[in-house]
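Please keep the sequence and the 3D view at hand while reading.

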Amino acid sequence: MKRTGAEIILDSLVAHGVHTVFGYPGGACLPLYDALYHYQDRINHILVRHEQGAAFAADGYARASGDVGVCIATSGPGVTNLVTGIAGAHMDSVPVVALTGQVPRNLLGTDGFQETDATGVMLPVTKHNWLVMNAEELPRVMEEAFHIANTGRKGPVQVDVPKDVYLEEVEFDSVPPLSIRGYNPEEGLQPDPTLVREAAEVIHGSEKPIILAGHGIHYSGAYEELLAFAEKANIPVITTLHGVSSFPESHDLSFGMVGMHGNIYANWAVDRADLLISLGMRFDDRVTGRLEDFATEARIIHVDIDPAEIGKNVNTDVGIVADLKPTIRALIDEIGQLDHSPWVKQICQWREDHPSLAIRETEIVLPQWVIRQIYHITNGEAVVVTDVGQAQMWAAQHFWYDRRNTFFSSGGLGAMGYAFPASIGVKYARPNEQVWCIIGDGGFQMTLQDLAVVKEHNVDVKIAIINNNHLGMIRQWQTLFYDSRFMSAKLENPDFVKLAEAYGLTGMRATTKSDVVKVLKEAEKIPGPVVMDLVVDEVEKVYPMVPAGSSLAETIEGDEVQEARYA
Amino acid sequence: MRHVLIADVEDQPGVLNRIASLFRRRAYNIESLAVGHSHRPGISRMTIVVAEDHKEAIQVAKQLDKLIEVISVTDVTEQRHVSREMALAKIAAPEMKRTEILQLANVYRAQVVDVSPGSIILEVTGDEDKIDSFVEIIRPYGILELSRTGEVAMVRGRAMPAPTLMAEDGPAA
Ligand SMILES: Cc1ncc(C[n+]2csc(CCOP(=O)(O)OP(=O)(O)O)c2C)c(N)n1
């Protein structure tokens, strides 16, 4: 059967169950858009208002659905606009396929109009990428693209296609079987039983073990296993930022998040543990603090699907390269019913004495209090997508996640502007859940142009701007580490309510506590997108905090100035 | 310490770029990299010498192995292996010094591959030490140009390079 390059690509999307894609057209990919015209019944193309939004939305879609997210951009500026979003997906191991247009083959290498070395630019931020020089290669490349993106340690891939290759007609009957001799992710799924036994032995020898749960729990879908393992072994569970919502936070064994803004008792627990069972996390510097002083007493069992993560940042005692699900299952079978109640009690005592998540009584609208209200008003049922900065940390801390895979954030790259477009992707993946975008006034202004998208498609995301009229995290660091020399931390903001209205959306503002409750309740009831300008205290800092370069043991609980203001 | 890695990679455009990009980004210290066709069609063999300690060398190998087009990576440092590099040296060789130079060349089993008025080119093959010492010996005669290939390595005996990556706590068996 004769098919054009563009048709082969779209057939492949359909075959892989893709029904929503996010993109932006341009000269080099117009043939693909022309083909999309004929696929509108099968593929819903969402026109974002900036390519970065397409990449973020595809990322959010992928995280929330467990499927591959797809974004499209044209050559040159289109593809360079994608870079931030793809780099974020790469850091956070999110399966995304980026389809990019390229100048026609005869112009390649000539500095043609809108020519960028797109595969060169994307090379370091993708798991793999291709410049496809013949349409015949497309069936194979598309098959490989989906396979590579969504297996092993997942990640984004890019398929760069010259304009005339989209148009090239080739004979196409069936997709060739996959065969990539340098890539065999299925080999690394089952744990080595010897190592599992070794791990079990180490666990049996431990008195103060901690489970550190990371992003991998979500990707492996190892929720049941994690829960059963923690309960059988009676081991406290502490999560990384990406591990948030992998373990029910109301559980007796849950002690929340570790790291730079982790709970002080969680940080202490990790610091003093004699064993860390690290599941699908990678000992990022935001997790470990000063590495030399990280968990110095602890032996480390590290399970990860990526062999290169084992031993990269910390030395492990038992390193297991495998999928978490079968590994945790094997561990459960290998261990007996254990009791660590003295250790659990100790951490509970720390929590009682140092309640990191307590919110001070005051009439001032504290940002963390606003987050807590969102938690209460949505009955904890919201799916939360956060941006980057203070609001991100408060959202991780003060909303309590009992439901699986309900927290999405740009963790590794920490890209401001992520939350809003990503929440659009999340909503497309989970149309029946309420999606809340928790975002700073700074971050919102990075990608707010997609308000047009939520208006156009009535994408029901609740946008809660935690508006402190500052780049809050910048202000916090300048306060703490630069003697309060505030440089470019203050924001002159637009009227967000009017802005929402200009886009034809509902906008609401709250400046007092009672307003906040009212606005949140109202927004929750409105069937459709709402922009909430929640004006909060300008100077509140995120605590606890491990200053960059300090150890977890040196976690700071708060500052006197902050305490005094509300005394 | 020096580690010698052998990588079999797809013979495709862009592979070298990916590998170079990886080394640059992660700031690995690469002493030499030699690449050419292997005995298997479509597969190139690279020999990479890294100046890293054991832990880092493991990282280099693992990160390399993650590249889709890299088929296998082996650290042969602790395996019995031979390694060779080649150098071409153009030496200013005035008439009166030629015999002397050729005698030295003979000691190193270097071949004369070009003789021109005022210069000769010697080709010498051996492990790194031998080439280094050869270069030092002929330096006083005036080296006009020097080209070295970087090391290529092969495991001795019938064994292929062990396909698995090295264990965490010790070199590959
Ligand atoms: C694209 C990008 N640029 C800069 C930064 C650095 N940065 C991290 S947090 C932050 C301030 C964020 O301010 P805002 O969005 O208002 O959130 P807040 O911290 O006030 O909650 C900045 C500038 C970043 N993370 N991403």
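## The surroundings of A:Asp306

Leaving aside neighbours within four places in sequence, A:Asp306 is in contact with A:Arg153 and B:Lys66. The model that shows these contacts is a predicted one. A:Asp306 belongs to the loop of chain A that runs between strand S13 (299-304) and strand S14 (318-321). Is this residue buried or exposed? A:Asp306 counts as buried because its relative accessibility is 2%, and the cut-off for buried is under 20%.

The side chain of A:Asp306 makes a polar contact of 2.9 Å with the side chain of A:Arg153.

Over all chains, the number of salt bridges comes to 44. In general terms, side chains of opposite charge can pair when their charged atoms come close.

One of these pairs is formed by B:Arg40 and B:Asp8, whose closest N and O atoms are 3.1 Å apart. This pair links distant parts of the chain: B:Arg40 is in the loop between strand S2 (30-37) and S3 of chain B, whereas B:Asp8 is in strand S1 of chain B, 32 residues apart. B:Arg40 has a relative accessible area of 36% and is therefore partly exposed. B:Asp8 has a relative accessible area of 7% and is therefore buried. Which residues are joined into one network by salt bridges that share partners? The members are A:Arg153, A:Asp306, A:Glu309, A:Lys312 and B:Lys66.

## Salt bridges within chain A

A:Arg63 and A:Asp59 form a salt bridge in which the closest N and O atoms are 2.7 Å apart. Both residues lie in helix H3 (residues 51-65) of chain A, with a separation of four residues, about one turn of the helix. An α-helix has 3.6 residues a turn, so residues three or four places apart point the same way. A:Arg63 counts as buried because its relative accessibility is 6%, and A:Asp59 counts as buried because its relative accessibility is 1%.

A further salt bridge joins the side chains of A:Arg299 and A:Asp317, at 3.7 Å from N to O. A:Arg299 lies in strand S13 of chain A and A:Asp317 in the loop between S13 and S14 of chain A, so the pair ties together parts that are 18 residues apart in sequence. Both residues are partly exposed: the relative accessibility is 42% for A:Arg299 and 38% for A:Asp317.

## Helix H2 of chain B

Helix H2 of chain B covers residues 54-66 and has 13 residues. From its first C-alpha to its last, H2 reaches 19 Å, close to the 18 Å expected at 1.5 Å a residue.

Which residues of this helix are buried? In H2(B) they are B:Ala57, B:Ile58, B:Gln59, B:Val60, B:Ala61, B:Lys62, B:Gln63 and B:Leu64. The cover over these buried residues includes strand S1 (2-10), helix H1 (15-25), strand S3 (43-51) and strand S4 (70-75) of chain B.

## Chain B as a whole

How many helices and strands does chain B have? There are four helices and nine strands, and from the N terminus on the elements follow the order β-α-β-β-α-β-β-α-β-β-α-β-β. The C-alpha trace of chain B spans about 55 × 35 × 30 Å along its principal axes. Among contacts in chain B between residues at least 6 apart in sequence, 72% join residues at least 24 apart.

Chain B has 173 residues, of which 45% count as buried. Its accessible surface comes to about 9100 Å², and 53% of that surface belongs to carbon and sulfur atoms. B:Ala20, which lies in helix H1 of chain B, is partly exposed because its relative accessible area is 43%.

## A nonpolar patch on chain A

A:Leu480, A:Phe481 and A:Tyr482 make a nonpolar surface patch of about 260 Å². Of these residues, A:Leu480 has its place in helix H20 (residues 472-481) of chain A. With a relative accessibility of 32%, A:Leu480 counts as partly exposed.

Terms used: Residues are numbered from 1 along each chain as its sequence is written. Chains are lettered from A and ligands numbered from 1 in the order in which they are written. This is a predicted model: local features need pLDDT of at least 70, side-chain atom pairs count only at pLDDT 80 or more; totals for chains, interfaces and linings use all residues. Side-chain values use heavy atoms; hydrogens and water are left out. Patches are made of residues with over 30% relative accessible area and no salt bridge: like charges are joined within 9 Å, nonpolar side chains (Val, Leu, Ile, Met, Phe, Trp, Tyr) within 5 Å. Accessible areas come from the Shrake-Rupley method with a 1.4 Å probe; for residues, only the protein chains shown count as cover. A salt bridge is a side-chain nitrogen of Lys or Arg within 4 Å of a carboxyl oxygen of Asp or Glu. Helices (H or I, at least four residues) and strands (E, at least two) are DSSP runs, numbered from the N terminus. Buried means under 20% relative accessible area, exposed over 50%, partly exposed in between (1.4 Å probe, protein chains only). A polar contact is a pair of N or O atoms within 3.5 Å; within protein, one must be able to donate a hydrogen and the other to accept it, and residues adjacent in sequence count only if both atoms are side-chain atoms. Contact means heavy atoms within 4.5 Å. The expected span of a helix is 1.5 Å times one less than its number of residues.
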